[in-house]
Amino acid sequence: MIPSQRGYLLLILGILIAPVLALVFNQQISLIATLIYDAVILLFIFLDSWQVRKHRAEITRQPLNRLSIGRENPVLLFVKSGIKAINLQIRDNYPPEFEVINPILKTSLPANNSTELTYNVKPSQRGEYEWGDIQVRQLGNWGLAWHQWKIPASFKVAVYPDLIGLRALTIRLTLLGAGTMTQARKFGTGTEFAELREYNSGDDLRLIDWKATARRLAAPSKMPLQIRVLEPEQEQTLMILLDRGRLMTAQVQGLKRFDWGLNAALSLAMAGLNRGDKVGVTVFDRNIAASIPPERGQSHFNKILERLTPLQPVLLEPDYVGAVTTFVKQQNRRSLVVLITDIVDSTASAELLAALVRLKPRYLPFCVTLRDPQVDHIAHNFTANIHESYGRAVALDLLAQRQVAFAKLKQKGVLVLDAPANLISDQLVERYLQLKAKNQL
């Protein structure tokens, strides 16, 4: 039983009228009258709360499967009233580590009616969390008291990488898929033979099949020149090396840099499998933390997701050369090797450069780094005082050192993508699709 605002006002009213009674009567009568008045109000408050037990609202939570890290995940509550109208305050016992904008839900509902209430939770770390019961306050019919009770609804919920973004990516890849392949065949790009057709003005002369043309010379009524139509090779290999070392433990816009990298790795893996490539993933620090051999098919993505989700970054320096050496021993076929990490400067990245150079020329190395958007903001905005100027100078120097490191990688034939951590997934998938369209692998 919790008195409402109206109940408290009535109790305070008894205190205010006590001096008036003391002036009209004596203090003893005033005291007795005030005590009787407060006792009656408290009795009505108790009865108002007690009556709610007979017509409590029915509240259930929609089952939660897997939540996405760094995203606002909707939580849906179903509310149903009984034979009387209800006025509710609801607080769901979500994990305290989650960010919630509106933790207390309020609603009024007529008799024999139902509604849905939604609020959003935003987890900042992956893992398994305990979700508690539902706390409910229902206002009595007289508006004097709240009746409070608890609805058992505890369970465990798992926080995964950005599943919401992956679902959106799946839709985008499906829409792009048919048009991309049709366009590739139209312009004859690729390395895999698809069919022969007659030569048209403007076709690449290097694609003329002279043997097939010679066989057609016996039929003078037909165009003798035959041209090969090529399409992108489907059985290519994409290998993702994900660093989980010291630099990946830093926080960037509320998430660890490793979480941004993991989201990017999963997005790239989904794009690769959608385009028919064999995709493998290796997560490393000083040692190999997880190694998933390249396979093809959408079912392989679930294996990658479940295997990588429990992994967390560690405060260890990564062994780039060791990770690349292990990959080279296991994979002989030419592959696109995407290494997701971060760079400080050219000196600190010397081992990274040495490792990526070892992949040339058999493999196509691709270095992907996650930049902190806050550093960009500080570096590219004018400062008004000396203290901020020092910060801007440091930010500009950090970006300049990164560019020097990237220049050395590019000189050695390494592909480079440096993007803000919150945009890395989209830009990496877009760059991969461009590589596939240009048949650079």
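Q: Hi! Looking at this predicted model, is Asp418 buried or exposed?
A: Asp418 is buried: its relative accessible area is 18%, and the cut-off for buried is under 20%.

Q: Nice. Which residue does Asp418 form a salt bridge with?
A: That would be Arg371, with the closest N and O atoms 2.9 Å apart. The pair links distant parts of the chain, as Asp418 is in strand S22 (residues 415-420) and Arg371 in strand S21 (residues 364-371), 47 residues apart.

Q: And what else does Arg371 form a salt bridge with?
A: Asp376, where the closest N and O atoms are 2.7 Å apart. Arg371 counts as buried at 17% relative accessibility, and Asp376 is buried too, at 12%.

Q: How about Asp342, which side chain does it meet?
A: Asp342 meets Arg402 in a salt bridge of 2.9 Å, N to O. Asp342 sits in the loop between strand S20 (336-341) and helix H8 (350-357), while Arg402 belongs to helix H10 (residues 386-411), 60 residues away. Asp342 has a relative accessible area of 7%, so it is buried; Arg402 is buried as well, at 8%.

Q: How many salt bridges are there in the whole structure?
A: A search finds 15.

Q: Switching topic: which residues make the nonpolar surface patch?
A: Met1, Ile32, Ile36, Val40, Leu43, Phe44, Phe46, Leu47, Trp50 and Trp142 make that patch, about 950 Å² in area.

Q: Where is Trp50 found?
A: Trp50 is in helix H2, residues 27-51. With 46% relative accessibility, Trp50 counts as partly exposed.

Definitions and conventions. Residues numbered from 1 in each chain as written. Predicted model: local features only at pLDDT ≥ 70, side-chain atom pairs only at ≥ 80, totals over all residues. Heavy atoms only, no water. Patch = residues over 30% accessible without salt bridge, like charges linked within 9 Å, V, L, I, M, F, W, Y side chains within 5 Å. Areas by Shrake-Rupley, 256 points an atom, 1.4 Å probe, with all protein chains shown as cover. Salt bridge = Lys/Arg side-chain N within 4 Å of Asp/Glu carboxyl O. Helix = DSSP H or I, 4+ residues; strand = E, 2+ residues; numbered from the N terminus. Buried < 20%, exposed > 50% of the residue type's maximum accessible area, 1.4 Å probe, protein only.
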